[in-house]
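Here is a short briefing on selected features of chains B and C. Keep the model open while reading.

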Amino acid sequence: MELGGLLLYFTALVTMGGIYAVMALGLNLCWGMTGLFNVGIAGFFAVGAYTSALLTTPPALTGGVDVGGLGWPMPAGWLAATVIAAAVAWAVGRICLRLRSDYLAIATIGIAEIIRLVALNEETFTGGAYGIKGIPRPFETMDRPWGEIAMMLLIGLIVFAVYLFLQRARNSPWGRVMRAIRDNETAAAAMGKDVEAFRLQAFIIGSAFMGLGGALTAHYLKVFHPEASEPLYATFLVWVMLIVGGSGNNRGAILGAVLVWLLWTASELITGALPPEWGVKIAYLKMFLVGLLLVVVLQWFPAGLLPERPPKLAGGPTAK
Amino acid sequence: MIEFINNYLVPGLILGSIYALGAIGVSMIYSILRFAHFAHGDLMTFGAYLAYAVVVAADWPPLVALPFAIAGTAAAALVIDNLAYRPFRKSRPIVVVIASFGVALMLRAAIMLIWGVQPAPYVEGIEPPLESLEPFRIHEKHIIIVGTALVLVIALHLLLTRTKMGKAMRAMSDDADLARVTGIGTERVIAWTWIVGAVLAAAAGVLMAIDTQIKPTLGWDQLLPLFAAAILGGLGRPYGAILGGLVIGMVEELSSYPAWDTVQIFGAKLLELDKPIISPGYKTGLAFAIMIIMLIWRPQGLLRGRVL
Amino acid sequence: MLVAEGLVGGYGGADILKGVSMRLDAREIVVIIGPNGAGKSTVMKAVFGLVALREGRITFDGQDIARLPTEQRVRRGLAYVPQERNVFVSLSVHENLEMGAFVRSTVPRSVYDRVYTLFPPLAEKRRQAAGELSGGQRQMLAVGRALMVEPKVLLLDEPTAGLSPRAMDEIFACIRAINREGVAILMVEQNAKQALGLAHRGYVLATGENRFTDTGAALLANREVAESFLGGGH
């Protein structure tokens, strides 16, 4: 592959890997730090994507359907996506967080499903099965490969910002309470911590990042439709990324995202070289491997590549 | 009235019977193994495809292929438990749930790899409704579905009330620790739970495919209604699961009944809409809504099952 | 018959047992008493294999059973009645007894009859769900369930907890009757005084260690034991 193609491949890899990293970081907050079994990633992803797409896409370009594209600037769209995803998470969390872990999983899957149904059915808003097209992309007016490189750097910046934010949160008193709740909820409650409130906060913030990931994806790909938030890609792949990378560890989340995405896209190279019928089979094989990874990594590498290391306390007394 | 029966009641009963079979498995696995089995839908699909393979190869009717599907799915379930779930018996329940997600993906992918993604009918051609039951529009396949479901439920009842292993399953569902203390061989009970769950799932999958058609997402699409039915009835209560399945099935089919367009109380029209309140596209969302309501209002379900 | 030596262990991190030893001979009733948190129930659970031991030996009929899974211990003739949640609430009385005999391939009618004779209220309610029984009847069922394997040793964890004084007397009478039929009984009890009156020998535990060991009568007469430990119960 010549240099230009290699460069484009690399930027695409890092860009999409970075977007996944944002979502894995969000999941890490929910699951790794707080122990909330959020399997509805696809739902928040879709909410963020549609919100930003609808707000920023110029009216004439919204897929030919009379959808309310408002043509806002992109950063505003992304911010709105994050906020709306947070709002949805608030509503979902208030109802579902009190449920125990298995139930929370079922509930979050259900919510994601409802969101998908809304996206499919409310055509006037979402373009139905066809979705929204012509979503603006950052730097699209620049020449190749500079536009791609700029996008990659932007995503990298966002990942870095999210990482810093979550590291700060993790090392703060708030983060310590979160871990205490995850490890021993009754003890934390006995200490007078409002367990419900803390868990809700973690759920909202984590899901908001998933929404941001959705928005970034929509802008990067320039189209978005219900299939794009298909659970395999939006939910389970992110889970695999976190488990492989190391849940409870923010660096692990980023590492897992980039690594798994690398493997995922590397198989595209193989697919490209094979005859078409095989190409389709490879897609199913990848799905099989995701499932296999989930089972195998849990069994033999439960801590992931970068196991969780409790942050150093600044000389303060321990919670127990 | 005939309209109602033909277009809503009968389909509701059919769907409900299928849901019931799947929900019993989910319910029992939950109460004995203590986790939500997210691969149950794909077990159903697996069973359906096994039968399909036999139907295509031997040109037998689906019902005759059913025993093969059942045997194959039971064997698969035991292997899956041994490889993917058993290592996690002593871990936090979440871990085995994640593993079941992995198994679900693997099953579905394997099915797609072998059979492709195109939906297909079991038998070509459309059968007319049975003339003997006019004006009710009942097809032979409806009789097969409800009849098979009934036979299986009766067999299950006999198993649970007349056999030692069946009673051991109920005992372990009540209190797994006490079962261990009593000397009940818990791994054997678990194996039988998988067998029973897989038999019912395979049957549900085959019946569903008989009713509609076979496709790789057959079972995964039913997962939410199955969980909803199991929770509605009360986890660990097989009869609850049956009840829950029938209710959910009925509700889903009845949700598009046009009578809801016109809300009347004592003959005075309150609301008149030009399309149903619940658009058909949201049918599957209904099961979910029922489930959430149950989880918040009465988590032990209608027949008072296990809460967690 | 049943010997436990130097048991050290507990649940997870902290050791509750710090070196407990005791012995149960054939046909004896041995009682374990002591304050809350002393490790009385834990010893019993350790003997039955429900609690992990870091150190110690347990021999039954001369054989080391420390590594044996619970199911095997039941087959060898060890039966355990937990303090709480000791019946299968949705199964009938008779089905509960059936489950008690799970490890046996055949169960002669006489085994059931023996339990029903010992606990007449159970005979009346044999088809009723165990969840509908009163506290005392549940306790009877729990003990009856354990008897279905015709055990050599019966481990009872606070059999009279939460019972009325009359029910307590009935249970103790039943325990005496079971013992007379040849079953050795190891019993943890909070109602220390009455239990010691029933026992051949007793062990007093405190903070995970042995404190006193003697015959039941001697312990009752012992001033120090009486002051510190016999206040317990209601």
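Val204(C) has Phe212(C) as its bridge partner in β10(C). The model is predicted. Strand β9 (residues 201-206) of chain C and β10(C) run antiparallel, joined by six bridges. Strands of a sheet pair through backbone hydrogen bonds, in a parallel or an antiparallel sense.

**The six-stranded sheet of chain C**

- The sheet is open and has six strands, in the order β6-β7-β8-β3-β9-β10 (chain C).
- Its pairing is mixed.
- The edges are β6 (78-81) and β10 (209-215) of chain C, and each of these strands pairs on one side only.
- From one strand to the next, the twist averages 15°.
- Helix α6 (residues 135-147) of chain C lies across β6 and β7 (153-157) of chain C.
- The angle between α6(C) and β6(C) is about 165°.

**Arg201(C)**

- Arg201(C) belongs to strand β9 of chain C.
- Is Arg201(C) buried or exposed? Its relative accessibility is 11%, so Arg201(C) counts as buried; the cut-off for buried is under 20%.
- The side chains of Arg201(C) and Tyr203(C) make a polar contact of 3.0 Å.
- Beyond its neighbours within four places in sequence, Arg201(C) is in contact with a set of residues including Arg23(C), Leu24(C), Asp25(C) and Glu28(C).
- Ile29(C), Val30(C) and Val31(C) are also among the contacts of Arg201(C).
- Thr213(C), Asp214(C), Thr215(C) and Gly216(C) are among them too.

- Strand β1 (residues 2-9) of chain C runs antiparallel to strand β4 (residues 53-60) of chain C, and six bridges join the two.
- Val3(C) has Thr59(C) as its bridge partner in β4(C).
- β4(C) also pairs with strand β5 (residues 63-64) of chain C, in the antiparallel sense and over two bridges.
- Which residue of β5(C) stands opposite Phe60(C)? It is Gln63(C).
- The hairpin of β4(C) and β5(C) has two residues between the strands.
- In that hairpin, Asp61(C) takes a positive phi near 55°.

**Positive phi in loops of chain C**

- Arg27(C) has a phi near 70°, a positive value in a residue other than glycine.
- Arg27(C) sits in the loop between β2 (17-24) and β3 (29-33) of chain C.
- Arg27(C) counts as exposed because its relative accessibility is 54%, and the cut-off for exposed is over 50%.
- Arg85(C), again a residue other than glycine, has a positive phi near 45°.
- Arg85(C) is placed in the loop between β6 and α3 (93-100) of chain C.
- With 57% relative accessibility, Arg85(C) counts as exposed.

**Chain B**

- Chain B has 11 helices and two strands.
- From the N terminus on, its elements run α-α-α-α-α-α-α-α-α-α-β-β-α.
- Chain B has 308 residues, and 57% of them count as buried.
- Its accessible surface comes to about 12600 Å², and carbon and sulfur atoms hold 66% of that area.
- Of the contacts in chain B between residues at least 6 apart in sequence, 74% join residues at least 24 apart.

**Helix α8 of chain B**

- Helix α8 (residues 186-211) of chain B has 26 residues.
- What span should α8(B) have at 1.5 Å a residue? It should span 38 Å, and its end C-alpha atoms are 37 Å apart, which agrees.
- α8(B) is mostly covered, with 21 of its 26 residues buried.

Note on methods. Residues numbered from 1 in each chain as written. Chains lettered and ligands numbered in written order. Predicted model: local features only at pLDDT ≥ 70, side-chain atom pairs only at ≥ 80, totals over all residues. Heavy atoms only, no water. Helix = DSSP H or I, 4+ residues; strand = E, 2+ residues; numbered from the N terminus. Expected span 1.5 Å × (residues − 1). Buried < 20%, exposed > 50% of the residue type's maximum accessible area, 1.4 Å probe, protein only. Contact = heavy atoms within 4.5 Å. Areas by Shrake-Rupley, 256 points an atom, 1.4 Å probe, with all protein chains shown as cover. Pairing = 2+ DSSP bridges. Axes fitted to C-alpha atoms, helices over the stretch in contact; angles between N-to-C directions. Polar contact = N/O pair within 3.5 Å; in protein donor to acceptor, adjacent residues only side chain to side chain.
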